[in-house]
Amino acid sequence: MDNASKRFFAEARRLIPGGVNSPVRACRNVDSEPLFIAKAKGCRLTDVDGGEYIDFVLSWGPMLLGHAEASVTAALCAAVERGASYGAPCPDEVALAREICAAMPGVEMVRMVNSGTEAAMSALRLARGVTGRDRVVKCVGCYHGHADPFLAAAGSGVATFAIPGTPGIPDAVTADTLLVPYNDIRSAGECFAVHGRRIAAVIVEPVAGNMGLVPPVPGFLETLRSLTGAHGALLIFDEVITGFRVAYGGAQARFGIDPDLTILGKIIGGGLPVGAFGGKKRYMEEVAPEGKVYQAGTLSGNPLAMAAGLATLRKLKTLDYGALEKRTHDFAAELGQILRAKGIPARTPSLASMFGIFFSEREIFNMEDARQCDQRRFTTFYKQMRKRGIYLAPSAFETGMVSFAHTDADLAEALDAARAVTFSS
Ligand code: KE4
């Protein structure tokens, strides 16, 4: 059946690689075509054909308040009247830096950038600069954006498309990227035993959101903290998803771990392009122009992104994270019961406002486990839920997210849609 989304997609594919500006949106591995979205409000998206969907992707994380939230929209409209970009400091940059440093226990100073990718690559350069070392440890299945050093065994779209190792990245670059399985305390220790004095940093998603939702097992983050401390390496928390989501102060506040550097994105921009890297003053003071580690950006600290981010954080600070966590937990638990009642092995973990959907008997601890899940059933589930107006991430290697705009009625509607899903044998 032809429709406007199909027509837009046909033209987009002639003009944009894969018809999308980010691969996972192509919906290829769930045997679907992308919906083109006309507008969004609260927890709902409306596509260009007038179809309405309850959104559990939230633009991959930024829209924790829901779409077009009143205070964010008002702040953004006021900001745009003052001009879109100055290329010079503005008061809101200071205000947002103050808010982030006050919220995140491990962040004493912060530099704004324009994406999580930029934040990750800048934090790694800083870690290498202050330690004089080259190696970085990352976990298989974690995703830290698409900068060269991080595309070894990455999650998210890299895992979705099973891209073995992206062409265009010199072997010399990935030779300095060491891989350990997520949640594997023993492997982390072995890696440091062999490479310890040459490791500049460990970068980790403190709650993995790019292999589906995989929480840290007790002791895993603590082990990374002690190993890095003992070997003079830096611990970088990638809080692009978890920052201001798993707690207002992020995973570092929730778990009581004190990282040396933190990267942020998504929520702190309220939907506008943004990223940030921050951490201990003794390291951040090494960033140009204060120090010698160069990092720059035309639109860093952009007044529109600052206004939207500030309004978002100020609103979030007034909201009840515990209540959202309980609603998400109850929703995910009931979703799992519905699937298992159909005789379908399914695990639906949740943490804060994040939830996973794994078609598997066993609990998921790492990327290897996530890969064993039944992708065919995930595709069936995705397609039938979308037909019933429920918008899930088009990949088993992403994480579902509930916003403060999702009402009990919205969640009940999604569960009713799940009850109606049928799986072939
Ligand atoms: P961006 O460069 O996409 O702003 O951020 C990269 C990034 C860094 N760290 C984590 C933990 C992330 O999840 C991301 C980006 N997340 C993906 C989805 N899981 C973005 C969606 C996409 O690539 O289209």
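Start with helices α2 and α11 in this predicted model: α2 passes α11 in a right-handed crossing. Select residues 70-81 for α2 and residues 303-316 for α11. The two axes lie 8 Å apart, and the helices pack at an angle of about 155°. Angles over 145 degrees count as roughly antiparallel, so α2 and α11 are roughly antiparallel to each other.

Next, show the side chains at this contact. On α2, pick S71, V72, A75, L76, A79 and V80. On α11, pick P303, L304, A307, A308, A311, T312 and K315. Colour them by type. What do the residues of the contact divide into? There are 10 nonpolar residues, two polar and one charged.

Now move to H406. Look in the loop between β14 (400-401) and α15 (408-420). Is H406 buried or exposed? Its relative accessible area is 1%. Buried means under 20%, so H406 is buried.

Select the surroundings of H406. Leaving out residues up to four places away in sequence, H406 touches C43, I54, D55, F56, L58, R327, M401 and L411.

Zoom in on D55, one of those residues. The backbone oxygen of D55 is 2.9 Å from a polar atom of the H406 side chain. The side chains of S403 and H406 are joined by a polar contact of 2.9 Å.

Notes
Residues numbered from 1 in each chain as written. Predicted model: local features only at pLDDT ≥ 70, side-chain atom pairs only at ≥ 80, totals over all residues. Heavy atoms only, no water. Helix = DSSP H or I, 4+ residues; strand = E, 2+ residues; numbered from the N terminus. Buried < 20%, exposed > 50% of the residue type's maximum accessible area, 1.4 Å probe, protein only. Polar contact = N/O pair within 3.5 Å; in protein donor to acceptor, adjacent residues only side chain to side chain. Contact = heavy atoms within 4.5 Å. Axes fitted to C-alpha atoms, helices over the stretch in contact; angles between N-to-C directions. Parallel < 35°, antiparallel > 145°, perpendicular 65-115°, else oblique. Left-handed = near helix turned anticlockwise from the far one by under 90°. Nonpolar A, V, L, I, M, F, W, Y, C, P; charged D, E, K, R; others polar.
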